[in-house]
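Student: I have this one open on my screen and want to go through it piece by piece. Can we start with the spans that a record marks, then work inward?
Tutor: Fine, go ahead.

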Amino acid sequence: MIAVLGLVVGVVAGLLVRPEVPAVVEPYLPIAVVAALDAVFGGLRAMLDGIFDDKVFVVSFLSNVVVAALIVFLGDKLGVGAQLSTGVVVVLGIRIFSNAAAIRRHVFRA
Amino acid sequence: MSDNQHSDSEHHEHAHHEHAHGEHAARPGNQLRKELPAEVPAPAPGAGQRPVPRPEGSLTGRQRLVKGLWPPRLTRPQLIVALLLFGLGFGLAVQVASNSDTDSALRGARQEDLVRILDELDSRTQRLEDERQGLEKQRSELQSSSDQAAEARKQTAEKERQLGILAGTVAAQGPGITMTIEDTKGTVQSDMLLDTIQELRAAGAEAIQVNGVRVVANTYFADAGKSVSVDGNKINAPYRFKVIGKPQDLEPALNIPGGVVQTLEKEQATVSVAQSGKVVVDALRQAKQPDYARSSSQ
């Protein structure tokens, strides 16, 4: 419950504050958000499976974000940033879908 | 996360679990699946699922979800997760907000994207420029052709006026002469009037009317008792001719020895000829549409 509240508060704060995104992190923010979403879905699934561990969640969340940003950064340096970020989004999207399917089975039993 | 937990430590069970759910088969080895029938309120009879007593301390995913949501507990894991989710929500909202700003749509774009967009804009500009030139050329062509059409119309109208003067369908004015033939004795006959017309035409008369009757190409003169008929209109003396043409040519042509004036005076008629700077020939004649003859010019 506190976690859900945290998400809601974060969205509201982001909408209210509307901070200027620094130009340095601007290309990485969307990818980082998608990676974090993937981590959140994975955590939700693990919780439903009864194997949730907060340490693992924290590490996976942060490492997902960092790795995603790193891949985009590397792609930018190599000149294939657009393609690499597309690939990252595709992979993360597939994982989000499979996690969502598992969650759905738990919640709706279907 | 799921991969961190499933694929790192429980890869086997994960695959197994997915498989079992995908096939909707109750496998004895799958713990999750085994406990499902206990949760179904009314298992369908003959579904082939054995009700298995739930092991102590094991909950379904749904129960865990409900338990995690309510009541809210201020535990360390909850706080940490809340913090991370706060970060996620914040980033999400910021990204969505900055993405929906139209003016900053290009701000987050990469350099190569910007170059590509610039190239596209350049080529689009080029294309539109070409199109504009083509359209302008077309416009000037249309304009010149419409100018030509207006010129042709003007010339046609001019020609119509000129032909109308000849055909007697429009009034005419200009320098010329007026001639009056007084015939007190009734000796003037149609052939004398016809001679007069011929003489005037030979001298270059361009428009003629006699007592309000326009003289045109097919005009005829006929005797009608004491008077004269012109194209079927009876006219009586005095005969007044209004003639447009060069006065210096017309008057001598009538007055030459043995000419019209002398012939008429021999018949006891009185002829007076006066030059005028402005003669108005305003008698009109309806244009007759030919029944058979058609223009062969087109």
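Student: How far apart are the end C-alpha atoms of residues 80–103 of chain A?
Tutor: They lie 34 Å apart, and the span is 96% helix and 0% strand. Keep in mind that this is a predicted model.

Student: Where does UniProt place the feature "transmembrane region" in chain A?
Tutor: The UniProt entry, which is unreviewed, puts that feature at residues 29–48, 55–74 and 80–103 of chain A.

Student: And what is the chain like over residues 55–74 of chain A?
Tutor: Residues 55–74 of chain A are 100% helix and 0% strand, with 28 Å between the end C-alpha atoms.

Student: OK, packing. Which residues touch the most other members of the largest nonpolar core?
Tutor: Ile31(A), Ala32(A), Ala35(A), Ala36(A), Leu85(B) and Leu88(B), out of 38 residues in that core.

Student: Which helices each supply at least two residues of this core?
Tutor: From chain A, α1, α2 (29–49), α3 (54–78) and α4; from chain B, α5 (76–100). Helix α2(A) gives the most to this core, with 14 residues.

Student: Take Ala35(A). What is it in contact with, leaving aside neighbours within four places in sequence?
Tutor: Asn64(A), Val65(A), Ala68(A) and Leu92(A).

Student: Is Ala68(A) buried or exposed, and why?
Tutor: Ala68(A) is buried, because 25 other C-beta atoms lie within 10 Å and the cut-off for buried is 20 or more. Ala68(A) sits in helix α3(A). Setting aside residues up to four places away in sequence, Ala68(A) touches Ile31(A), Ala32(A), Ala35(A) and Val88(A).

Student: How far apart are Ala68(A) and Ala35(A), in sequence and in space?
Tutor: In sequence they are 33 residues apart; in space they are 6.5 Å apart, C-alpha to C-alpha.

Student: Now the two chains together. How many residues of chain A are in contact with chain B?
Tutor: 50 residues of chain A are in contact with 42 residues of chain B. On the chain A side, α1, α2, α3 and α4 each supply at least two residues. Helix α2(A) gives the most to that side, with 15 residues.

Student: How do the residues on that side of chain A divide into nonpolar, polar and charged?
Tutor: There are 31 nonpolar, ten polar and nine charged residues on the side of chain A that touches chain B.

Student: Switching to chain B on its own. How many helices and strands does it have?
Tutor: Chain B has nine helices and eight strands. Of its 298 residues, 22% count as buried. Among contacts in chain B between residues at least 6 apart in sequence, 69% join residues at least 24 apart.

Student: What about strand β7(B), how many of its residues are buried?
Tutor: Five of the six residues of β7(B), residues 239–244, are buried, so the strand is mostly covered.

Student: How many bridges join β1(B) to β7(B)?
Tutor: Six bridges join β1(B), residues 172–182, to β7(B), and the two run antiparallel. Within that pairing, Ile181(B) has Tyr239(B) as its bridge partner in β7(B).

Student: And β2(B) with β7(B), parallel or antiparallel?
Tutor: Antiparallel, over four bridges, with β2(B) covering residues 207–210. Gln209(B) stands opposite Lys242(B) in β7(B).

Student: Last topic, backbone angles. What is phi of Asn211(B)?
Tutor: Near 45°, a positive value in a residue other than glycine. Asn211(B) is in the loop between β2 and β3 (213–215) of chain B. With 17 other C-beta atoms within 10 Å, Asn211(B) is partly exposed.

Student: And phi of Gln268(B)? What is it near?
Tutor: Near 70°, also positive in a residue other than glycine. Gln268(B) is in the loop between α9 (260–266) and β8 (270–281) of chain B. Gln268(B) counts as partly exposed because it has 13 C-beta neighbours inside 10 Å, and exposed would need 12 or fewer.

Terms used: Residues numbered from 1 in each chain as written. Chains lettered and ligands numbered in written order. Predicted model: local features only at pLDDT ≥ 70, side-chain atom pairs only at ≥ 80, totals over all residues. Core = buried A, V, L, I, M, F, W, Y, C linked by C-beta atoms within 7 Å. Contact = placed C-beta atoms within 7 Å. Pairing = 2+ DSSP bridges. Nonpolar A, V, L, I, M, F, W, Y, C, P; charged D, E, K, R; others polar. UniProt positions renumbered as here; feature names shortened; annotations may be inferred.
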